[in-house]
Amino acid sequence: MKIETIENPDFLKQLSVDELDALCQDIRTFLIESIAKTGGHLSSNLGAVELSVAMHTVFDSPKDQLIFDVGHQAYTHKILTGRAKKFPTLRQTDGLSGFLKRSESIHDVFEAGHSSTSLAAGAGMLQAKTVKPSIGHVVMLIGDGALTSGAALEAMNFMGHDEAKHPIIILNDNDMSIGPNVGYLSKVLSKIRLRSGIRGIRSKTLKIIPRPLRPITYRVEKRIKGFIAGQSYFEDMGYDYYGPLDGHDLRTLLKAFKVAKQTMKPCIIHVRTQKGRGYAPSELDQTGQWHGVGAFEIAAGAKTVKPVHNHESYSKAVTRFLRDHAKRHPEFFVITPAMTAGSELETFAESYPDRLVDVGIAEQTALTMATGMALKGVGVFVSIYSTFLQRAYDQVLHDLARHNVHVVLGIDRAGLVGGDGETHQGVFDIPMLSHIPNMTVAHGKDVEELYGLLNYALTQHEGPIAVRYPKQLTPIYEANLETVPPIKPSWEIILEGKDLTVITFGTLVGDLADVFARQSVRLINARYIKPLDYKMLQSISPDIPLLVIEESQRQGGLGQQILAALAAMNHVPKVFEHIAFDDVFIPQGDRETMLKRHGLDVASILKKVESMRHAS
Ligand SMILES: Cc1ncc(C[n+]2csc(CCOP(=O)(O)OP(=O)(O)O)c2C)c(N)n1
């Protein structure tokens, strides 16, 4: 079938199971060929093809609410709802989103990007249904990784108590988060998988017994199940449990979803799927290398974009530093909330398997746990994406900062992130952290300075401190890390000049140093965003125009903090400008385009500088 011709999912109901099977194969081929060109979330999507086809065959979207947790596995849903044609633009500027988007389709009933929100969103829709009966079934697809998060477990707990409502939770269990899944729940799922003979009993029973008697049979069967399997975790939580089922067997899925549609109680359908199914490299992947990919060559199983000679990601550079630090400090741990692969901590895990603590998708736990560890005197580095730190705001404030303990937050993906788009931009952590007492926030202009900041943060600082670094490549810095001098809270003058003062931080410092080299501009590197360097602020003449530039949210950003500090000193410059992101969510797009759209590219900055010169 020509996948691009699909307009909506209605046609599925007319297809036989064999035809649906054939469609799944076509979709899988389409996904592999398409993602090979654009990049995207490969493995999770390959694992959810049959699931998505079965969901759209049995349920009636958009009357029935199909909610996809994270939304990174929803490409088949996008295809079935008429978006295959747009796949060449996937994750690109102004292109098809890699997640669900209500503006893209009426079938996208809830947007995500961060994990584990599907169950609470579904609980909300079920609550709305009590006064809006036109809302259909509420179906939530969630992975075993996402289910480890407190956000999901809270909602599961909430919905399980209310027998009058009818949440249908499809647990897509591939035994993987991005990498291996962790925690006790993951063990529970393994145990259930080992008892998969139970499913045979139920299927057989359902077939033999006439339909009107099935509820009684069901109770009998439940007793059998209880006897054989012991109390199931999910049944104890208040759910009718179906499974574990083969998540690639359409007949089984269609049957199970139809049963779930008729069940008038909270239910969980537990399906087993294979992450990366249908493409050998992603099927074999145990560490998450094929979870989210750039463009790749299908036959060779190799990434199309070759590594840049002598460059590496900032994440990798940080991992090297952490390994070096761990070698010298045996009581030092790194915590990751399910992002070993994303933050490129694999080599740390290899060298120090007992000192990399993966807590699962549990950012809140990561932060409070770090506080507990620090209170007992061990060294802790929490490696966390800027965007995911948002989930742990209260833990940073109430636990970490209030206890004022020494924990280093390594804030990865600080700034724009590209294809993941608005749910993942690292542009909120500066306002979020800056107003919290006891917090220190730093961001180096290059990898050498980053190491100096990390050295200070890990070996000399006493309270909580966040060190930010971007999703960019950096030249590999081969220095012996022991010899990188620690950088204490202070700003740095890069260029002296009389016409204008520019304050910025991060890689912009280097970019602007080059262009301002032949102009009379005073360029200041605000490598500590908090605390501000008050001495240096005092040295700024109010007669010279001041420009603050930051790849961050304007409200509560460095620029506003500087302006407030200057006002308090009665020292506000006559001309002040602040280039930052306005009060909007920034969509997906390549870095250069997005910077340009928000006036943060070098050409726009130079234009601003010229206009300020004339204004003064
Ligand atoms: C709050 C939050 N933390 C981390 C992530 C990064 N992340 C995206 S998908 C994923 C794994 C999800 O695993 P699972 O739910 O089992 O789905 P699968 O990809 O295995 O199908 C993680 C950790 C996220 N999206 N949101």
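# A walk around the ligand and its protein

Visitor: How far is an oxygen atom of the ligand from an N or O atom in the side chain of D144?
Guide: A polar contact is a pair of N or O atoms within 3.5 Å; within protein, one must be able to donate a hydrogen and the other to accept it, and residues adjacent in sequence count only if both atoms are side-chain atoms. For the side chain of D144 and an oxygen atom of the ligand, the distance is 3.1 Å.

Visitor: What kind of model is this?
Guide: Residues are numbered from 1 along each chain as its sequence is written, and side-chain values use heavy atoms, leaving out hydrogens and water. Local features need pLDDT of at least 70 and side-chain atom pairs pLDDT 80 or more, while totals for chains, interfaces and linings use all residues, for this is a predicted model.

Visitor: How much of the ligand does the protein bury?
Guide: Let us look at two further contacts before the total. An oxygen atom of the ligand is 2.7 Å from a polar backbone atom of G145, and an oxygen atom of the ligand is 2.9 Å from an N or O atom in the side chain of K275. Accessible areas come from the Shrake-Rupley method with a 1.4 Å probe, and for residues only the protein chains shown count as cover. Alone, the ligand exposes 580 Å², and the share of that buried by the protein is 97%.

Visitor: Why is the pair of Y451 and Y477 tilted?
Guide: Rings of Phe, Tyr and Trp (its six-membered ring) pair if their centres lie within 6.5 Å; planes under 30 degrees apart count as stacked, over 60 as edge-to-face and the rest as tilted. The count comes to 14 aromatic pairs. With centres 5.9 Å apart, Y451 and Y477 form a tilted pair because their planes stand at 45 degrees.

Visitor: Which helix holds Y451?
Guide: Helices (H or I, at least four residues) and strands (E, at least two) are DSSP runs, numbered from the N terminus. Y477 lies 26 residues away, in the loop between β17 and β18, whereas Y451 is in helix α19.

Visitor: Is Y528 buried or exposed?
Guide: Y528, in strand β21, is paired with Y456 in helix α19, 72 residues apart. Buried means under 20% relative accessible area, exposed over 50%, and partly exposed in between (1.4 Å probe, protein chains only). Y456, at 9%, is buried. At 0% relative accessibility, Y528 is likewise buried.

Visitor: What is omega for the cis peptide bond between K530 and P531?
Guide: P531 sits in the loop between β21 and α21. The bond joining K530 to P531 is cis, with omega about 0 degrees.

Visitor: Where does N404 lie?
Guide: N404 has a positive phi of about 55 degrees although it is not a glycine. At 36% relative accessible area, N404 is partly exposed. Its place is the loop between α17 and β14.
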